[in-house]
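A student wishes to learn how to read several features of a protein model.

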Amino acid sequence: MAIQINEKQKMFKLDTKKSSYVIGVSADGYVGHMYYGDRIQPDGNEMSDEDAECLSVLLGGDRDHCIPAYIERDKLNFVDTFSWEYGMPGYGDFREPCLDADCGSGKEALEFFYDGYETLKGKPELEGMPATYSDDCQTLVIHMSEPDLKLGVELYYSVFEEEDAITRWVKVKNNSERNCYLDRVFSLCLDFREGERDLITLHGAWGRERKIYRRSIGEGKQSISSVRGVSSHQENPFMAILEPDATEDRGRVYGINFVYSGNFLAQVEKNQFGHIRTVMGIHPHHFSWKLQPGEIFTAPEAVMVFSDTGIGGMTRNFHDLYRGHLIRGSYRDKKRPILINNWEATYFDFDTEKLWSIAEEAAGLGIEMLVMDDGWFGRRNDDSRSLGDWFANEEKLPGGVKRLADGVRERGLKFGIWVEPEMVNPDSDLFREHPDWILQYRDRDVSRGRNQYVLDIGRKEVRDEIYKRIYTVVKEAEIDYVKWDMNRSLTNVASHAAAQDEQGMVYHRFVLGVYEMQNRLVTDFPELLLENCSSGGGRFDPGMLYYSPQIWCSDDTDAIERLEIQRGTAMVYPLSTMGAHVSDCPNHATHRTTPFDTRGQVALGGTFGYELDVTRIAREDREKIKDQVQMYHKYNDLIREGDYYRIASLPEKRYYDCYMVVSKDKEEALVSFVRVVNRICRWNDRIKLKGLDEDAWYKLDDREGVFSGKMLMSAGIEIHGADKDFEGKLISLKRVLR
C-alpha cells in the first residue's frame, strides 16, 4: 500500500518504490514532519501499532517534547525547533512561514491543529491549473483548522510509487463570516534535521538558459525566484537538495519542482541548529488573495522526487513522471513532425510565394511541416505594430492564411503558425479600440517592452476576444501546429477591472487566464500540436508542459551553446520536450560556424527541426538534411522514450560533451559525443557508458567485436574520430547474442 495510517499513533507513512515519507501528529494536535528518505519497511508489510511506536521513538523526537507541561513552560523553544509539516507564523517558529493572512485585524499569528484525514483513490484535478494526473496513485488529505480565525487548511499528497515521486498542494478555506486576505500560500514545506546538504539550481539569461549551479547550503537563506510574471530565463522553479558526496550516479538526492508558470519562490534556510527548511510556492511579492466567506484558494502543485542513485536517478524519475503523468494529448507518446520554421530564414520579409517555395523544397528533403512565424497578421512588417490584430495581412498573403495553408498541404506538408496572444502593440486596432485592456496603474505611465503592452488576460472579456480571433484562424485554415510565444516580463501589474482590494490577485489571475486559453485551444483542437515559447526558454516549466508537449528551449540555436542549455534543461525535463532546431551559419546569435552534421546531432537531442531557408543553403547541406531526416526517424523513439544519462559535461571536461540514452528494455542505446575544442598531444578520450545490462552483450556500430555491458560501463570505450573543433560523433549500440 502506498499510504499507511496508524490511528493510534496518528502517523501517516507514504511509500514509493524506494522512499518513505512520514508525517506525525503531536499530543497537542500539531502536524509534524518526521522523515523523508530511503524506504523504511519492506513491500507488503503494513504499519502495525508496534511499528508506529518504533518509528515514533526513532524519528519523532519532537513528539516526545510536545506535551502540555513542556508547552506551558517553554512553548516558544518548542515551536522554533519542531519539524513542521507546514510552517506557521506568530508563535515562535522564526523560519520561513508557509501562510500569511489578514482576517480583519492586520497580519495574524496562525496556529493550525490537526482536524482529521481522508484518503482518495487516484488524484484529484486542480481546477483551472495544471497538475500531474493518475488513476492508479493514492492521495492523502490532512485537514487542519485555525479555531480563532476559522481558516481551514488541507494538505494534499499524491504518491506515484514507480517514479519515486510525491506531489503536494494546499487548499485554504475561509470558514468565517468576513473576508480574509491571504498574503502568502506556499505549496510545499520540507524540513531536514540531519546532516550537511548541497543545493543544485538552474540559472541563466536570455539565450543561455538553465545552466547547472551546485553549492553547499550554508547558514541563512538561499533562494531562487521570479517576480517577472513568468518562471523566467534567469531562474527555473527547480531545486535539488543532496548529500555533499552525492554524484551523478550515487547518493541521496531530493528534487523539487513547481508546476506553475508565474511568480515563484523556492528557498532553503539553515538555522542555528543546522536544520534546513525548504519552501516552494507562489512568490509573496504583490500577492494578496481576497478570500470571501466560504471560498477556497488552491495553491499550485509542487513535485518531490527522491533518488538513492544520485543526480541521474533524480533526472530519470522526473522524466518518467512527466512523460507519463503530466504531458497530455495526441502527441504525448508519439513522434513529432519534423518542422521548418521560417523565422531565421526570412524574418518579416516573406509572402505566400516565398513560403510555398520553402515548403516545396522542404518536402523533397523529408521535412514534414512548415511553420509561419511572426509577420503574417495585421500590418505586421516589423515588431512595432499589430500584435492583437489576429487577421491575415492580405498584402503578404492574398487569400489569407487558408489559401497559404492549402498550398502548403498540396506540397505534402502540415502547416503551423506563430501567435503571441498575451501582448498588444500600442500601434494596433485592438489597443485603439480597448486602451483599458492592458495592465496599468491608474494615472501612471505604462512601461513598454519590445514595443508591447501586456494584455489583462485575467479578465474574461479580454481573453475571450483574443481567443475568438485565434480560434477563427486555426479553424478556417485547419492549422496543425501553434507556436504560442510570450516576449516580455509583466510590469505595471494592475487591472482596470479589479477592485482596490483585489489588485494583489492580478498576477495569479493572469497565469490562470493563460492556462484557461491554452486549455481551450487543445480541447477545441485535440489533434493540434502546441509548442510554448517565451523569448525562447523564458517559461520552460511543468505548468506549460501540461498544455504543450514541447517548449522552445532557447532562442540561441548555436549547437555549441545548446550543449549546456539542453544539458541543464534535461536535469528535470524530458528530451522530448525540448524544442531544438538546426539553424543557419554563421549562427544568428553567436556568429559561430559549426559543421552541419554537428548541428543535426545536437538538435537530435530534442524535438528536431530546421530554422533556415532551404532554398538558399548549399546543395551539399540539402543532401545532409535527407540523411538527418533518416537519422531522426531511426533514433527518435529511443530518444523520446529512453533513459537519459549524463556522461561528461563541457564545463567539467573543458573539451567535450557526452550523454547517452538507453531503451527501457536495455536492448539498444545511443551515445552522443561532441568535441568542442581539439588539443594537441592527447590520447583518445575514454568514456564509461551507463545504464546497460551488465550481463548482456552489445555490438557497437563503429567497431568490430561484441562487448559486455559490464565491460562497457567499467572499462569504457575510446572515442575514434571527432578529432576537430565542433565535430560530433554518434555511437549506436544493439544487444546481441554472443
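Predicted model: local features only at pLDDT ≥ 70, side-chain atom pairs only at ≥ 80, totals over all residues.

Q: How are the axes of helix H6 and helix H7 placed relative to each other?

A: The axes of H6 (residues 352-365) and H7 (residues 400-410) come within 9 Å and cross at roughly 20 degrees. Because angles under 35 degrees count as roughly parallel, H6 is described as roughly parallel to H7. The crossing of H6 past H7 is right-handed.

Q: Which residues of H6 and H7 meet?

A: On the H6 side they are Thr352, Leu355, Trp356 and Ala359, and on the H7 side Arg403, Leu404, Gly407 and Val408.

Q: Where does the backbone have a positive phi at a residue that is not a glycine?

A: Most residues other than glycine have a negative phi, and most peptide bonds are trans. In this model, Arg450 has a positive phi of about 55 degrees; Arg450 lies in the loop between helix H8 and strand E25. Ser535 likewise has a positive phi, of about 50 degrees, and is placed in the loop between strand E27 and helix H11. Arg450 is partly exposed, with a relative accessible area of 45%, whereas Ser535 is buried, at 11%.

Q: Which residues does a cis peptide bond join?

A: The bond joins Cys585 and Pro586, with omega about -5 degrees. Pro586 is found in the loop between strand E30 and helix H13.

Q: How many salt bridges does the structure hold, and what does Asp93 pair with?

A: Side chains of opposite charge can pair when their charged atoms come close. The structure holds 66 salt bridges. In one of them Asp93 pairs with Arg277, the closest N and O atoms being 2.9 Å apart. Asp93 lies in the loop between helix H3 and strand E5, and Arg277 in strand E17, so the pair ties together parts that are 184 residues apart in sequence. Asp93 counts as buried at 5% relative accessibility, and Arg277 counts as buried at 1%.

Q: Which salt bridges does Glu502 form?

A: Glu502 forms a salt bridge with Lys290, with the closest N and O atoms 3.9 Å apart. This pair ties together parts that are 212 residues apart in sequence, and both Glu502 and Lys290 are buried. The side chain of Glu502 also meets that of Arg509 in a salt bridge at 3.6 Å, N to O. Arg509 is partly exposed, with a relative accessible area of 27%.

Methods
Residues numbered from 1 in each chain as written. Heavy atoms only, no water. Axes fitted to C-alpha atoms, helices over the stretch in contact; angles between N-to-C directions. Helix = DSSP H or I, 4+ residues; strand = E, 2+ residues; numbered from the N terminus. Parallel < 35°, antiparallel > 145°, perpendicular 65-115°, else oblique. Left-handed = near helix turned anticlockwise from the far one by under 90°. Contact = heavy atoms within 4.5 Å. Buried < 20%, exposed > 50% of the residue type's maximum accessible area, 1.4 Å probe, protein only. Salt bridge = Lys/Arg side-chain N within 4 Å of Asp/Glu carboxyl O.
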